[in-house]
Amino acid sequence: MDRTTTDPLTAAREKTRLAARWLNLLAFKPAPGGPSVSPSMSHYHDMLDPETTDARRLGACQALSKPVLRAIDVERMKGEEAYANARPPDPYKAIWQTTERGAALEFIGALIAHAIETFEAEGVEV
């Protein structure tokens, strides 16, 4: 991701692309039993295709935001259960209380949230 980008829409597009790449890497499934984020999904193309519109990017981000947030909660519960007795107390409260997958999903969720916020702030509508 280009951290020197000052154009908000360019940054939102890049965050969207990065989120899609991570979701694909994790074989994330927005719905139980459904397909994972891959070229077989329209959201994948809407997030990665350089020729698509910002409205389609925004729509894909909005559609995937809720399933990602649900998955973050699930992974956090798994992490809290798994590490409840296995870790010493953290005086800074900074240690992840989730699984590795959950930590990755939290990053992806932040990318998606920032992209949505930027697209909307720039007047993009679905």
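Mentor: The axes of α1 and α3 cross at roughly 45° and come within 11 Å; axes here are lines fitted to C-alpha atoms, for helices over the stretch in contact, with angles running from 0 to 180 degrees between N-to-C directions. Helices are DSSP runs (H or I, at least four residues), numbered from the N terminus. That angle makes α1 oblique to α3, given that under 35 degrees counts as roughly parallel, over 145 as roughly antiparallel, 65 to 115 as roughly perpendicular and the rest as oblique. The crossing of α1 past α3 is left-handed, meaning the near helix is turned anticlockwise from the far one by less than a right angle.

Before going on, keep in mind that this is a predicted model, where local features need pLDDT of at least 70 and side-chain atom pairs count only at pLDDT 80 or more, while totals for chains, interfaces and linings use all residues. Residues are numbered from 1 along each chain as its sequence is written, and side-chain values use heavy atoms, with hydrogens and water left out.

Who touches whom? From α1, Leu9, Arg13, Thr16 and Leu23 meet Asp54, Arg57, Cys61, Leu64 and Val68 in α3, contact meaning heavy atoms within 4.5 Å.

Now zoom in on Cys61, which lies in α3. Cys61 is buried, with a relative accessible area of 0% (buried is under 20%, exposed over 50%, partly exposed in between, using a 1.4 Å probe and protein chains only). Leaving aside neighbours within four places in sequence, Cys61 is in contact with Thr16, Met47, Ile112, Ala115 and Ile116. Cys61 and Ala20 are 41 residues apart in sequence, yet 9.1 Å apart in space, C-alpha to C-alpha.

On to the other partner of α3. Helix α3 (residues 54-83) and helix α4 (residues 100-121) pack at about 150°, with axes 8 Å apart. That makes α3 roughly antiparallel to α4, and α3 passes α4 in a left-handed crossing too.

Ile112 is one of the α4 residues that meet α3. Setting aside neighbours within four places in sequence, Ile112 is in contact with Ala19, Leu23, Cys61, Ser65 and Val68. Along with Leu23 and Leu105, Ile112 has the most contacts inside the largest nonpolar core, which has 29 residues (a core is a set of buried Ala, Val, Leu, Ile, Met, Phe, Trp, Tyr and Cys residues joined through side-chain atoms within 4.5 Å). The elements giving two or more residues to this core are α1 (8-25), α2 (42-48), α3 and α4, and α4 gives the most, with 8 residues.
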